[in-house]
Amino acid sequence: MGEDTDTRKINHSFLRDHNYVTEGIARAAAMQASPHCPANVPQPSSEEVTSGADIISTVEFNHTGELLATGDKGGRVVIFQREPESKNEPYNQGEYNVYSTFQSHEPEFDYLKSLEIEEKINKIKWLPQQNAAHSLLSTNDKTIKLWKITERDKRPEGYNLKDEEGKLKDLSTVTSLQVPVLKPMDLMVEVTPRRIFANGHTYHVNSISVNSDCETYMSADDLRINLWHLAITDRSFNIVDIKPANMEDLTEVITASEFHPHHCNLFVYSSSKGSLRLCDMRASALCDKHSKLYEEPEDPSNRSFFSEIISSVSDVKFSHSGRYMLTRDYLTVKVWDLNMETKPVETYQVHDYLRSKLCSLYENDCIFDKFECAWNGSDSVIMTGAYNNFFRMFDRNTKRDVTLEASRESSKPRAILKPRRVCVGGKRRKDDISVDSLDFTKKILHTAWHPTENIIAIAATNNLYIFQDKVNSEMH
């Protein structure tokens, strides 16, 4: 390829400047915000729209699927609650309305490193519900916060020493004692910060994962993974460190990590070289030596300048059963069996028609977009996003796949989504869209699937789409 070209690739993929490593590979160019927000979300000011503060950066269902949280580039978290089932209005069963909105993170500035820290929410993870309250973790590039969400529909009245406005009474006027009583009031949702986990990462946090023990969680940045206890904020344990002694020797970065859903000692992390490393915390306090390495050997005949970039894993998810792992790279989604390290058991092409356009996608930085992937509740269907507001679903049993579009025009209430098809060349059908007509500024990076039902949440720039299968349990 030539030394200059290789140097350009390494710099573009891994180095922000002379001192700092990027988030995973490289940030894609910021998308321009449209003037629309998710339904019922307060409209931001024109200044915020211009800066793209309302672009959704993460989507996550809680463990029951009754709540759905989204985070955006402006540091806000919006929680949606599912409407209860009604005999009079059966179509409202799958509708989600705004439950609470709060500011999770604010922009900061590190004066020691002259570094701006964005308020953008990188990830949200719900904790299993232990009581009437809900809890979630949210993180930006540096700081992780634990939030508690509670409801209040009663208030105490009849204090002895305070009046109705809360002011202290003149003690000389208090002649008798009374028992305060609880009176009904309008439902109020209160969000309070319970813990702030700061100073644990030198580089940008790209993922957080709650352990199945419900006591610990891990956070990963480009070069290190830390283990935290949910009750302790002033220290964490470094369990993976791939930082070389000389930063010039850096060849890969950590892109995502996740705990096994059932075994609290197992976790996996992915790298920008396309490999997965399964680690066992029982083996060693520092898990730099992995238990298993999952890697697919590259076909030399397909090697090109872009091979290393498009093979980078942008997301990894354990199946609900814990038997499989789902990974997303730029062009494919792959299913790996934990018991087979040599190659994936299934590979699905997401948008193979883009192979001929990798050069232009490299020039406009789209090739560095980090798409997420998701399992359905039974692990039989997988979902991931694409360009032009398309998202793809693959049925593992029937091997059928479908391309659907999240757009305001095609997403009227109770409307049935029509499959879309991208035409590469030759004869075109009536509703086909040409690969040259795809809008690369419209991209579905963040998706989530209800844990038990066929309800999906799709984040398209700063619009949130929720689709539900009303008829049967098929793919759409």
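1. Two strands are said to pair here if DSSP finds at least two bridges between them, and strands themselves are DSSP runs (E, at least two residues), just as helices are DSSP runs (H or I, at least four residues), both numbered from the N terminus. In strand 25, the residue that bridges to V381 is D395.

2. A word on the basis of these remarks: this is a predicted model, in which local features need pLDDT of at least 70 and side-chain atom pairs count only at pLDDT 80 or more, while totals for chains, interfaces and linings use all residues. Residues are numbered from 1 along each chain as its sequence is written, and side-chain values use heavy atoms, with hydrogens and water left out.

3. Taken as a whole, the protein has four helices and 31 strands. Of its 476 residues, 50% are buried, where buried means under 20% relative accessible area, exposed over 50%, and partly exposed in between (1.4 Å probe, protein chains only).

4. Strand 24, which covers residues 381-385, is largely enclosed by the rest of the structure, because five of its five residues are buried. In a regular strand the side chains alternate between the two faces of the sheet. Here V381, M383 and G385 point one way, whereas I382 and T384 point the other way, and all are buried.

5. What are the neighbours of this strand? On the side of strand 23 (residues 373-375), the pairing with strand 24 is antiparallel over three bridges, and W375 stands opposite I382. These two strands form a hairpin with five residues between them, and D379 in the turn has a positive phi of about 65°.

6. Strand 24 also runs antiparallel to strand 25 (residues 390-395), to which five bridges join it. The hairpin that strands 24 and 25 form has four residues between them, with N388 in the turn at a positive phi of about 65°.

7. Elsewhere, four strands make up an open sheet in the order 19-20-21-22, with antiparallel pairing. Its edges are strand 19 (315-318) and strand 22 (346-349), each of which pairs on one side only. Strand 21 (residues 332-337) is joined to strand 22 by four bridges, and T332 stands opposite Q349.
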